[in-house]
Amino acid sequence: MKDLYLIARIAGERVAIAAQWVESVVKVSDATPIPSAAPYIAGLYALRSRVLTLIDCQFHLTGEQQDLRVGQNAVVVEVGGFSYGLLVDEVSDVITVASQPRPLQRKLPAGWELIGTAVLEDDAETYLVIDPARLINPALAHAA
Amino acid sequence: MDDLLQEFIAETRETLDSLASELVRWEANPGDKQRLDAIFRFFHTIKGSCGFLNLPRFERLSHAAEDVLSALRDGTREPSPALVDGILAIIDRIAELIAVMEAGVPLEDGSDADLIKALSEDQLAVHEVDESHLSDLEITTAADEPATASTIMRSIRVPLDLIDHLMNGVSDMVLARNEVARCLRESDIDPALEAAFHRLSGCIADMRDSIGQTRMQRIERIFSPLPRLVRDLAHELGKKVDLSTSGHNVELDREMLEIIRDPLTHIIRNSVDHGIEPPEDRRAAGKPDAGRLSVSGYQAGNQILIEIVDDGRGIDIDRLVEKAVSARIRTRAEAQMLSDRAKLELIFAPGISTASSVTAISGRGVGMDVVRANIERVGGSIDIDNRPGKGLKIVLRVPLTLTIIPCLTLSAGGQQFAMPRSSIREILFQNNQQVRIEQAGGTRIAYIRGKSLPFVDLEDILGLAADEDAPVKRTIVTINASSDLNYALGVEAVLDHEELVVRPGAPVIMADGLYAGTTLPDNGRPMLLLDPVGMAKRAQISGTGQETVQAETSECAQQGQESGLLFRDRKGRLRAILLGLVERVEDVPADHFAKSCGHFHMRVEDGTRPVHGLNSLPEEDMVKILHLFDGHARLVHAVADVVDIVALPNEFEATPDKIGIAGVMFLGDELVEIVDGHWVFSAMLGDRKTETPSSRPLCCLVGSGDGWARNMLAPLLRSSGYRVVMADSADEAEALDADIYLAMDGEELAGLADLPVVRLGSSGKNGTNGGVDRYDRDGILDALRDGLARRQA
């Protein structure tokens, strides 16, 4: 279970999210905006009777807000009892990795630094492991 | 093993609260063997389980308590307050240990020798328990247990997570059902399928109700620790207090229960500490030594009321005002201007305490302001009924559940938001003549009927751009965010009134302070619930205390104009009534209305009120009504909707022909009928209340042995403004000294020769004895009037 990762693309780069975080992947459209909320909050979306708070993941990296595409993929995660939808460019794969993720060996550029925690290698590919809790509340990165 | 431990912790916790109150009750009545047995059994059970779970501290503590209790049972020791204190201390220690264990920290093997020693200190006999004696007891209690267990309601423990999960599941089911229903409506369907769907639909509704029930808990949970609390406080303060609680069976949402726990405790502390006097003061005031404190809970509609009543000294208003002045909450001049009610409200001002001395019990800086804020946060309210010298009654009202809040939905910047209805006072159109918005120092102020309020547009607070497609005519909502925080909010439109299921939003949303939660209306698009206090903060509006009143110089007053409430009556006609007559507007459940004798009545707390404006019993669930009060009498006017408040012109076109309408005016291009307030009151109450009964003439019916007089004539006369008495014969009638007499056909009238008498003939025999035809209503009334006039002349 620990070795299962969801591979998604954020701001053109492929990242890995540990599968224990992930509840499901859904397509979203038509979110309710939240005026005056933090810029990386994309809005609210009703997933059946639950309300998801949508996170514009690429904002952490580009610093620019991106409009929600109709049918965009959101990775549903639960953090602290609340459900969030992490908006990603696309979800490409779920992989099983034998090796443990390695700690970061160098400081990441701003943005990535906020959300990345480790590096994962699978055959020829290398992914950055990201922490959903930090995507939701980047202040955590500074506390860690 | 872990499971066993968890169960032990949960069970012990649950019993602890009720146990303490049992003990206190037992102290009041030491002869109650059953209570003592129950207490003994508790310690015994703990002791048994901890031996098994290897918890030596628990074992030692419960053992000590058990020893003392068994000595009490045998009568070898007498109960004393010190002893009860000792046992309570052990209960406390057990509770502490349980809390430590619950947190997952291993227990230190500390010593509780201090507590155990306290129990034995005042004991005369040697404190050694005969082992064989103890084992006897174990056998007897063990034998008792199955008997008690069988009477207990069967229940199981379920984690809250699971219940919440179920609740969500059912909500999903309801949404799915709605979608299926929509699909079914759009296609031609087989009746069999439709019937099956209906059955399914009913099952889902039932299920939702029962799942909702699981969230409910009995109010007992917060009542049961009270006897202990009150006892300890009273002891400490050297007072005597009799506590009675009622309404243990009232159920409310468990989250709500947690929210009212602290306010309730605080009010009770206050009451014992500041309200109830020491015994000597009470004697001096002619009250019994022991103060009475009663706490009762009951359900009224979808609200839970909790009443806390004491017979202490009440709130000393003058001292409260002094305190407010010295704490600089109000200047002396301001304080003098306040009404008594407003003075009493000062108790809710931050930083105030009426106790002459700050005590360890209630003078801890947490005031009634916090109590009120907590209650209001969940959409509740708090009322105080102060009778100085006699006592104080505090009523807490909270909604039945935390999650369903009555809201108005409104739009701003093209987006919809919800706002708790409890904080909205008034809705006005911006083009209303009564509203003026002025710019001052970069901020805006709304002048509404002479009162000024800070004004801000919702779009500005939220940083939204105004929606260009929105109608030009905006709406102003005046908001009472907290007791002294009022402002006016400009919005695009107020859309609807809905009861919404509100859930807390994610921390990243709530952190902002602008939002109180999220909700999912039927349209399936999430909506944000605005927090009126947070918005005021964002707009940098701080409570100045009162609305500033422009002393009587408002435009209306200058021109001698009166304000009127504009409403649509139940036939859809636009009408206005003098605002001064309207006490308040309310939505009332339709089952409060009843019809009798062609008149409609509405049930109110203290009786019934006549209802104007209804033609038939209402079919909708809720009816909007105006409470009218003319200074003497009250009645209710049912309306379809309240529209606005407008200035009434000084002169308007009178409409003498139209009953109940004083005149008409034009508002824009719509015709508005102005209600004749006097007519409404006179029509509804007529001769019943507007004049004193003794001013009505007394009419004596002579010969009323005849059932016709009693059953037919008397009601006619009463409804025509007479008081009616009955007499069987002329002699009897004379003694009654009536203003006028009405004699039946054929009565002997010798004794009444000098008195005004009207005689009735039988039907169609007008001429026979000079009497009036008994079916000639007008004739009878005319004759009576003439008779009276002759008498007065």
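**Reading helix packing in a predicted two-chain model**

Trainee: This is a predicted model. Which residues of α3(B) and α4(B) meet?

Mentor: From α3(B) come B:Arg57, B:Phe58, B:Leu61, B:Ala64, B:Ala65 and B:Val68, and from α4(B) B:Leu83, B:Ile87, B:Ile90, B:Arg93, B:Ile94 and B:Leu97. By class, the residues of this contact are 10 nonpolar, no polar and two charged.

Trainee: Why are α3(B) and α4(B) called roughly antiparallel?

Mentor: Their axes come within 10 Å and cross at roughly 160 degrees. Angles over 145 degrees count as roughly antiparallel, and the two helices are therefore described in that way. The crossing of α3(B) past α4(B) is left-handed.

Trainee: What makes the buried residues of α13(B) lie on the same side?

Mentor: The buried residues of this helix, residues 317-326 of chain B, are B:Leu320, B:Lys323 and B:Ala324. They span an arc of only 100 degrees around the axis, and therefore share one side of α13(B). The elements covering them include α14 (332-337) and α15 (340-345) of chain B.

Trainee: Which exposed residues does the face turned away from the buried side carry?

Mentor: That face of α13(B) carries B:Asp318, B:Arg319 and B:Ser326. Just after the helix, B:Arg328 takes a positive phi of about 60 degrees.

Trainee: How many residues bring chain A and chain B into contact?

Mentor: In chain A there are 21, which contact 22 residues of chain B. The largest share of the chain A side, four residues, comes from β4(A). That side has 13 nonpolar, six polar and two charged residues.

How values were computed
Residues are numbered from 1 along each chain as its sequence is written. Chains are lettered from A and ligands numbered from 1 in the order in which they are written. This is a predicted model: local features need pLDDT of at least 70, side-chain atom pairs count only at pLDDT 80 or more; totals for chains, interfaces and linings use all residues. Axes are lines fitted to C-alpha atoms, for helices over the stretch in contact, and angles run from 0 to 180 degrees between N-to-C directions. Angles under 35 degrees count as roughly parallel, over 145 as roughly antiparallel, 65 to 115 as roughly perpendicular and the rest as oblique. A crossing is left-handed if the near helix is turned anticlockwise from the far one by less than a right angle, and right-handed if clockwise. Two residues are in contact if their C-beta atoms, placed from the backbone, lie within 7 Å. Ala, Val, Leu, Ile, Met, Phe, Trp, Tyr, Cys and Pro count as nonpolar, Asp, Glu, Lys and Arg as charged, and the others, Gly among them, as polar. A residue is buried if 20 or more other C-beta atoms lie within 10 Å of its own, exposed if 12 or fewer, and partly exposed in between; C-beta atoms are placed from the backbone. The arc is that of the directions from the helix axis to the C-beta atoms.
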